[in-house]
Amino acid sequence: MQLFRQKTAVKSFKNAAEFAEEFNLGANDFLLISRRVYEKYFAALNLPCHVEFKSKYGSGEPTDIMMDALIQDFKRSGCSRIIAVGGGGVIDMAKVLTLKGVEKSEDAFMRRIPIVKAHELIAVPTTCGAGSEVSSVSITAITSRSTKLGLADEALFPDHAALIPELLKEMPYEVFATSAIDALIHAAESYLSPKASPYTELFSLEAIRLIIGGFARVLAEGEPARMALLSDFLTASDMAGIAFANAGTGAVHAMSYPLSGKYHVTHGEANYQFFTAVFKEYHLRRPEGKILTLEAVMAKELGCDEANVYDGLESLLDRIIPRKPLSAYGMTDPEADTFAKDVMDLQQRLLNQSYVKFDEKTMAAIYRKLL
C-alpha cells in the first residue's frame, strides 16, 4: 500500500520578482493569470512571457468551453512551459494544458484519450483554499451535463508550487472566507478517507489547527486581522492539498458538484453548504473510529465539548461568513432526487473515498434538509 507521495516541489517567495528570477520566466512561458494580480505584481517586471488573462475565457469557475478556448490559445503560442497564477480554477484550467494531444477538454475528463503529460507546469496560488498547486486533480463544469467532473491523474501534478503570501492580499473577504473553509473541508475529508495514512493525517490535522485558530483570531480582532495571517492560511491550504492529493476527498465534494454545475456556486461556497450536514450523518451511521479523533481535535481548537463539536463549528463558520439555504441559489425540492442520482452516476470516485458511503436516498434527504 502506498502511504504517501509528494511529486510537486514546493517553494516560498517574498514577492513576485523573486519568484520570476528563480524560475527565469521568459519567452517560452505561457502565463495564465488574473488581470488584477498581473497589473499589481507582475506588470512592472516586464516579463517576455506570453500572457493571457483568465477573464478572456469567461467569469466564474472553469467550464469545458473555457478550457477548450484556452487550449487553442496555448497551441498557437508555441510555448512549452505553463505558469498558472491564480485560484484553484486558474490552476485547474492550466493543468489541462500540460496534457499531450488534447483538443477538447471533455475528452480528457471523460477519459476518451490517454492522459499523458507533455508540458511543465508551475502553479502559484492566489487564494488559500483549493490546494490545486499540489494536487493531481482538475475540476471543470461539463456544460452539456450541467454538472462538474473531476479528472484525477498523476500526469496533472504541477512540477512546482510557488507560495507567495503577498499575492493573497487581493482576495476579497468573501473569497478568503469560502476558500479557507474549502481548505478546512479538504483537511477533514482527507483525514477520514480510507486512503489516509499516518503521513497524510499529520498534514490534515495541522491544517485544521491553523485554519480554526486563524478564524478565531479573525473573529476576535476583526476582518483586517487576516492580512497578518495570510502565510498561515496559505500554508494550511497547501498542507490540506497535499493531504487530499494522497487520500482524496469524499461525500461533501461529491454532493457539491451538482449545485455548482447547475447554479454556478463557487467551489468553496458549495462545499461549505454540505460540510457539517455530511459529517453529522457520518457520525450517526458510524459513531466510532477516526471520526471521534477528528471531533476531539476540532473540539479542542473550538473550545467546546466533543458532543457539541458540529454546533460549535457551525457557530464559528457562520460568524466568518453566513451559510445560505440551498433554496437561496434556486434549488427546488424535486432536484434533491435529481442531484442525488447525478452524484451516484458521476461521483463514485469520491463516494468510495467517504467515511461512510452514502446511498441515493441518504443524499436526497441531506439535500432536502438543507433547502
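Predicted model: local features only at pLDDT ≥ 70, side-chain atom pairs only at ≥ 80, totals over all residues.
I started at the end of helix α8 (residues 230–247): glycine 248 follows α8, and its phi is positive, near 85°.

Residues are numbered from 1 along each chain as its sequence is written, and side-chain values use heavy atoms, with hydrogens and water left out.

**Helix α8**

I checked the length of α8 next. Its 18 residues reach 25 Å from first C-alpha to last, close to the 26 Å expected at 1.5 Å a residue. The expected span is 1.5 Å times one less than the number of residues. I then looked at cover: 14 of the 18 residues in α8 are buried. Buried means under 20% relative accessible area, exposed over 50%, and partly exposed in between (1.4 Å probe, protein chains only).

**Strand β5**

I moved to β5 (residues 120–125). Five of its six residues are buried. I looked up its neighbours, counting strands as paired if DSSP finds at least two bridges between them. Strand β4 (residues 81–86) runs parallel to β5, with six bridges joining them. Alanine 84 has alanine 123 of β5 as its bridge partner. Strand β8 (residues 160–163) also pairs with β5 in the parallel sense, over two bridges. There I found histidine 160 of β8 as the bridge partner of isoleucine 122.

**Salt bridges**

I counted a salt bridge as a side-chain nitrogen of Lys or Arg within 4 Å of a carboxyl oxygen of Asp or Glu. The structure holds 28 of them.

Lysine 40 bridges to glutamate 170, with the closest N and O atoms 3.2 Å apart. Lysine 40 sits in helix α2 (residues 35–42) and glutamate 170 in the loop between β8 and α6 (173–192), so the pair ties together parts 130 residues apart in sequence. Lysine 40 is exposed at 55% relative accessible area. Glutamate 170 is buried at 16%.

Glutamate 335 and lysine 262 meet at 2.5 Å, N to O. This pair links helix α13 (residues 334–346) with helix α9 (residues 251–263), so parts 73 residues apart in sequence are tied together. Glutamate 335 is buried at 8%. Lysine 262 is partly exposed at 40%.

I also looked at glutamate 288 and arginine 286, which form a salt bridge at 3.9 Å, N to O.

Terms used: Helix = DSSP H or I, 4+ residues; strand = E, 2+ residues; numbered from the N terminus.
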